[in-house]
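Q: Could you walk me through this structure? I am new to reading these, so please take it slowly.

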Amino acid sequence: MYNKILLPIDLNHKQSWDKALPTALSFCQTYNASLHIVTVLPDFGLPLVGGFFPREYADKAKKTISANLKAFVAEHVPKGVKVQRIVADGKAYEAILRVAKKVDVDLIVMASHKRKRLEDYLLGTNALRVVQQSRRSVMIVR
């Protein structure tokens with residue numbers, strides 16, 4: 001039923017993967033599907049803002065996030081699961097949709113959060129936008 005499953009996570013927020021990861025892994029093991037874990041490096045928005053950072057800042061940030069994602073996968077994904085680590089950049093929901101299309105996933109598994117803090121509200125907004133705009137099936141895990 002599913003061949004490729006996309007799991008967007010925020011490495012700094014456990015609630016973005018705490019419940020969604022076991023669900024995605026269960027689907028992967030049931031359907032022998034591959035897992036594509038994406039984390040998004042936010043863009044600076046305006047070119048003016050980006051001008052305050054050294055040119056190599058984005059490259060260093062991407063390498064650091066990539067290393068952290070590799071460690072995350074080693075710790076949390078069982079050895080038998082085929083996994084691809086992806087670091088994307090831009091607005092979270094746009095990056096998730098872009099990766100879903102590029103990888104041609106069958107299912108996106110995302111966490112939903114209670115809106116206690118502004119960060120959780122923004123993450124919830126990203127999940128809502130992915131659901132509204134995705135051409136792929138989306139599962140929101142609460």
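A: Before anything else, a word on names: helices and strands are DSSP runs, a helix having at least four residues and a strand at least two, and they are numbered from the N terminus. Please also keep in mind that this is a predicted model.

Q: Okay, so where is Ser134 found?
A: Ser134 sits in the loop that lies between helix α5, residues 118-133, and strand β5, residues 137-141.

Q: Is Ser134 buried or exposed there?
A: Ser134 has a relative accessible area of 16%, and because buried means under 20%, this residue counts as buried.

Q: What does Ser134 touch, then?
A: If we do not count residues up to four places away in sequence, Ser134 touches Leu97 and Ile108.

Q: How many bridges join β4 to β5?
A: Strand β4, residues 107-111, is joined to β5 by 5 bridges, and the two run parallel.

Q: New topic: which residues touch the most other members in the largest nonpolar core?
A: That core has 27 residues, and those touching the most other members are Ile5, Leu7, Leu35, Ile37, Phe72 and Val109. Two or more residues each come from β1 (4-8), α1 (20-31), β2 (34-41), α3 (57-76) and β4, and α1 gives the most, with 6 residues.

Q: What is Phe72 in contact with?
A: Leaving aside neighbours within four places in sequence, Phe72 is in contact with Ile9, Leu11, Trp17, Leu21, Ile37 and Val77. Another core, of 16 residues, lies apart from the largest one, and Ile86, Val99, Ala100 and Val105 are among its members.

Q: Last one: which residues of α4 are buried?
A: In α4, the buried residues are Tyr93, Ala95, Ile96, Leu97, Val99, Ala100 and Val103. This helix covers residues 92-103, and its 12 residues should span 16 Å at 1.5 Å a residue, which agrees with the 16 Å between its end C-alpha atoms. After α4 comes Asp104, whose phi is positive, near 60°.

Conventions. Residues are numbered from 1 along each chain as its sequence is written. This is a predicted model: local features need pLDDT of at least 70, side-chain atom pairs count only at pLDDT 80 or more; totals for chains, interfaces and linings use all residues. Side-chain values use heavy atoms; hydrogens and water are left out. Buried means under 20% relative accessible area, exposed over 50%, partly exposed in between (1.4 Å probe, protein chains only). Contact means heavy atoms within 4.5 Å. Two strands pair if DSSP finds at least two bridges between them. A nonpolar core is a set of buried Ala, Val, Leu, Ile, Met, Phe, Trp, Tyr and Cys residues joined through side-chain atoms within 4.5 Å. The expected span of a helix is 1.5 Å times one less than its number of residues.
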